[in-house]
Amino acid sequence: MKMAATKKVPCSTQQYKADRWIKLSSREIMEGIEHRSVEVNGINMHVAEKGQGPVVLFLHGFPDLWYSWRHQILALSDRGYRCVAPDLRGFGDTDAPASVDSYNGFHVVGDLVALIQSLQVEQVFLVGHDWGALIGWYLCMFRPQLIKAYVCLSVPFPRRNPTVPTVDSMRALYGDDYYICRFQEEGKVEAEMAQVGAEYVVKNIITTRKTGPPIFPKGEYGTAFNPDMKEDLPSWLTQQDLAYFVSKFEKTGFTGGLNYYRNFNKNWELTAPWSGAKIKVPVKFIAGELDSVYTSLGMKDYIESGGFKEDVPGLEEVIIQPGVAHFNNQETPHDITNHIYNFITKF
């Protein structure tokens, strides 16, 4: 089995800071992007869109929104692409069904299939990060004919253990206070998050640079993902950016996003027919070397040992960014944009 080449590529910090679009305010970003609501799969989905040409579909993670792709939307629309970034179900201005089961992989992929059909195109370029990356793998597995190529950030393909449910294996490895295990009980972590407030939660997660598995303090949200959280924001996240995320989560709460985690075991059950399935869509994978996903759950070994390439024969390139953490699409926007552009122009 030929392995995909793994590269550690330094980030061109000075270059991306010079780009005109990186200096735009959140208001200017909003003015350049069209927003609409699309009926998909029984819900109303908020979609941000800009540009003309081949469609690039962006899928965000937690605690993110379409807005996490703001830099890529502006840059790639300038390069001749139609950029489409929804708020996934349960997030932002998209409907949030009440039941936990409404957030399983089948429902979320169903939303995206309907969205792609509404765009009246046969195929899209797909870009996903965090939960968006995981849903992206499901989309490539269930409906590969819809995906021309996939740029995946942070989360490698989720190889299915045929005997042990996903959360059970995580609990056996890291215990009950591993964040995904703590997210399982409905209402409990929401109450803990309410005690510290939406701004603290969003800032705590997005700015973390702690490697390894996130383990929560017992009985409280506490310092959670980021025990070294600083008062000042990093240079790549403005107060306006943070305020936009916070304004949406103060309105919706975090339950919609947390319900994705509560479906890990359900998704394990539903994907039994795809156990051992291979992803043949062309794929480029990008992760920061400080990403807590890359540095836990055996992911680094899975990537470097060839297991990733075995499961994803379409994997063409693996990029590991030195000194970069989990939210690499926001921390190194220019580099991620160029990685996306250089890959999708091949097709």
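This is a predicted model: local features need pLDDT of at least 70, side-chain atom pairs count only at pLDDT 80 or more; totals for chains, interfaces and linings use all residues.

Helices (H or I, at least four residues) and strands (E, at least two) are DSSP runs, numbered from the N terminus. Residues are numbered from 1 along each chain as its sequence is written, and side-chain values use heavy atoms, with hydrogens and water left out.

**The whole chain**

The chain's secondary structure amounts to 16 helices and nine strands. Its radius of gyration is 19 Å, close to the 20 Å that the globule rule gives for 347 residues, so the chain is as compact as a globular protein of that length. Here the radius is taken over C-alpha atoms, and the rule is 2.2 Å times the number of residues to the power 0.38. Along the principal axes, the C-alpha atoms fill a box of roughly 50 × 45 × 45 Å.

Of the 347 residues, 57% are buried. Buried means under 20% relative accessible area, exposed means over 50%, and partly exposed is in between (1.4 Å probe, protein chains only). If we take contacts (heavy atoms within 4.5 Å) between residues at least 6 apart in sequence, 78% of them join residues at least 24 apart. The chain exposes about 13800 Å², and carbon and sulfur atoms supply 49% of that area; accessible areas come from the Shrake-Rupley method with a 1.4 Å probe, and for residues only the protein chains shown count as cover.

Let's look at helix α8, residues 188-196. Which of its residues are buried? They are Val189, Glu190, Glu192 and Met193. Seen down the axis of α8, the buried residues fall within an arc of 160°, so they line one face of the helix; the arc is that of the directions from the helix axis to the C-beta atoms. On the face turned away from this buried side sit the exposed residues Ala194 and Gln195. The cover over the buried residues of α8 includes α7 (179-182), α9 (198-206) and α11 (255-261). After α8 comes glycine 197, with a positive phi near 95°.

In α9, seven of the nine residues are buried, so this helix is largely enclosed by the rest of the structure. The buried residues are Ala198, Val201, Val202, Lys203, Asn204, Ile205 and Ile206. They pack against α8 and α10 (239-252).

**Two residues of α4**

Helix α4 spans residues 105-118 and includes glycine 105. Glycine 105 is buried, at 3% relative accessible area. Leaving out neighbours within four places in sequence, glycine 105 is in contact with Tyr138 and Asn267.

Aspartate 111 is also placed in helix α4, and its 1% relative accessibility counts as buried. What does aspartate 111 touch, not counting residues up to four places away in sequence? Its contacts are Val40, Asn41, Ile43, Met45 and Arg89.

**Backbone features to check**

Most residues other than glycine have a negative phi, and most peptide bonds are trans. Against that background, a few spots deserve a look. Asparagine 41, one of the residues touched by aspartate 111, has a positive phi near 50°. Asparagine 41 lies in the loop between β2 (34-40) and β3 (43-50) and is partly exposed, at 40% relative accessibility. Serine 154 likewise has a positive phi, near 85°. Its loop runs between β7 (147-153) and α6 (166-174), and serine 154 is buried, with a relative accessible area of 0%.

Where is the cis peptide bond? It joins phenylalanine 62 and proline 63, with omega about -5°. Proline 63 sits in the loop between β4 (55-59) and α3 (70-78).

**Some distances across the model**

| Pair | Separation in sequence | C-alpha distance |
|---|---|---|
| Asparagine 342 and phenylalanine 225 | 117 residues | 33 Å |
| Glycine 105 and valine 202 | 97 residues | 24 Å |
| Aspartate 111 and proline 165 | 54 residues | 25 Å |
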